[in-house]
Amino acid sequence: MAGVTYGEDGGFKAIYESTSKKIFGVIYAGTDSLADAQDIFQETYVDLYNALRSGRKIRDPQSYAVTIARKKLSAHYKRQKKRLNNTEISDIGESEENLLADDYDIEDSVINSRLYEEISARLEAKPEIVRKIFVMFYSLDMSVGEIAEDLSVSQSFVKNKLYRTLKEFRKIYGKEDKQ
């Protein structure tokens, strides 16, 4: 895709589809929370879209998007550091509840919600690298190889952390594999 511009058929869409998974992995690997990663991801693609719209020729869209993402990550951490230095920390980690009406039985919904909260709390107690691996694998549907590359670790490290955590959760919640 050499020199794609906005005016070409689906230029932005093609770039987005071919790079978004990789770029989100890079961003998520460099942040402390999924929400921050999602914000930076969105800002990255807005900048990419605007560059294409202005007529900029982009020879290597993935490298260009990675560069934007890294600049956004840097700016994010500079803002975060400034906030910490100014002691403007307020309610970090406070959870928001979204109540949605659905077809589930109320009792099942409460049980599922409590189970999700309990698993989330156990996952939050894990080291940051384990949390990232778990989210990247289960929420972002990234492969072990993609996760290893984005986090700059070996595939065996990713598998080890993923499978040990999963085994621990299965043991706690009664779903231990019997071999």
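Begin with the aromatic rings, of which the structure holds nine pairs, where rings of Phe, Tyr and Trp (its six-membered ring) count as a pair if their centres lie within 6.5 Å. Select Tyr 16 and Tyr 45, whose ring centres are 4.9 Å apart with planes at 75 degrees, so that this pair is edge-to-face; planes under 30 degrees apart count as stacked, over 60 as edge-to-face and the rest as tilted. The pair links distant parts of the chain, since Tyr 16 belongs to helix H1 (residues 11–29) and Tyr 45 to helix H2 (residues 34–53), 29 residues apart.

What you have open is a predicted model, in which local features need pLDDT of at least 70 and side-chain atom pairs count only at pLDDT 80 or more, while totals for chains, interfaces and linings use all residues. Residues are numbered from 1 along each chain as its sequence is written, and side-chain values use heavy atoms, leaving out hydrogens and water.

Colour the two tyrosines by accessibility: Tyr 45 is buried at 4% relative accessibility, whereas Tyr 16 is partly exposed at 32% (buried means under 20% relative accessible area, exposed over 50%, partly exposed in between, with a 1.4 Å probe and protein chains only). Now widen the selection to Phe 12, Tyr 16, Phe 24, Tyr 28, Phe 41, Tyr 45 and Tyr 49, which form one aromatic cluster.

Next, select Lys 72 in helix H3 (residues 61–85), a lysine that is buried, with a relative accessible area of 19%. Leaving aside residues up to four places away in sequence, Lys 72 touches Ile 40, Glu 43, Thr 44 and Asp 47, a contact being heavy atoms within 4.5 Å.

Move on to helix H7 (residues 155–172) and select its buried residues, Val 158, Leu 162, Thr 165, Leu 166 and Phe 169. Seen down the axis of H7, these fall within an arc of 100 degrees, so they line one face of the helix (the arc is that of the directions from the helix axis to the C-beta atoms). Turn to the face away from this buried side, and you find the exposed residues Ser 156, Arg 164, Lys 167 and Lys 171.

Finally, show the whole protein, which has seven helices and zero strands; helices (H or I, at least four residues) and strands (E, at least two) are DSSP runs, numbered from the N terminus.
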